[in-house]
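Dear colleague,

Please find the structure below, handed over for your study.

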Amino acid sequence: MEVKLWNDKSERETYENFAEIYAIIKTTEKLEKAYIRDIISSSTYEPECQKLIAHFKTLASALKDTMPSIERFADTYKMDCPAALYRLVTSGVPATVEHRRVSTEGTAAFVAECVQNFITAMDSLKLNMVAVDQLHPLLTDLSLSLNKLSILPVDFEGKMKVNQWILMLSKMEAADELKEEQARQLHFDLESSYNSFMAALPNRSIG
């Protein structure tokens, strides 16, 4: 006999998000241990860790009403993942960014911030967060983080695309929502801008 864990679509999405949070915590714990033991290089570790942190922040924000405490969630499901909880909840940045020399710390932190803002915005669209008052703050944060990076050219295409979307959203009401084709175009623009951003980093070695 099939046992249903949910009664409606909303409950189903909540359980699916719980499963994703669980998977992210477990994966981050394995990644942290692999990095500490020198099983993977810092160049492999950092982008993977940045993605996990960004995914985690998006999901945690979406679940803040149903899961107010990540630590309690981990305890409930008997997750012995102290390294992951530190990285995801306490630190919020990869170990490589934390331990970087002071001379490069600022730029590396800005790069990590941009990566997280890109992924957070794209994840939000995947979670169907398409209202103006949901998207405008995310794109504004992304624009501000891109402007902090002096290593990017002034006419960097990603900046211009993000600013065009911010301008468009500013002309709409807070409760207005993007149409499906608009949301798809925004996700496409963010993804292509993210790829251009990664390619623009000098030697991909900031971090």
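Helices (H or I, at least four residues) and strands (E, at least two) are DSSP runs, numbered from the N terminus. By this definition the protein has nine helices and zero strands, and its elements run α-α-α-α-α-α-α-α-α from the N terminus on.

The model is predicted: local features need pLDDT of at least 70 and side-chain atom pairs count only at pLDDT 80 or more, while totals for chains, interfaces and linings use all residues. Residues are numbered from 1 along each chain as its sequence is written, and side-chain values use heavy atoms, with hydrogens and water left out.

Of the 207 residues of the protein, 42% count as buried, that is, under 20% relative accessible area with a 1.4 Å probe, protein chains only. The protein exposes about 12,100 Å², of which carbon and sulfur atoms supply 52%; accessible areas come from the Shrake-Rupley method with a 1.4 Å probe.

A contact means heavy atoms within 4.5 Å. Among contacts between residues at least 6 apart in sequence, 73% join residues at least 24 apart.

The axes (lines fitted to C-alpha atoms over the stretch in contact, with angles from 0 to 180 degrees between N-to-C directions) of helix α1 (residues 9–36) and helix α2 (residues 42–62) come within 10 Å and cross at roughly 155 degrees. The two helices, α1 and α2, are therefore roughly antiparallel to each other, a term for angles over 145 degrees. Residues that make the contact include Ile-21, Ile-24 and Leu-31 of α1 and Leu-52, Phe-56 and Leu-59 of α2.

Yours sincerely

Technical notes: Buried < 20%, exposed > 50% of the residue type's maximum accessible area, 1.4 Å probe, protein only. Parallel < 35°, antiparallel > 145°, perpendicular 65-115°, else oblique.
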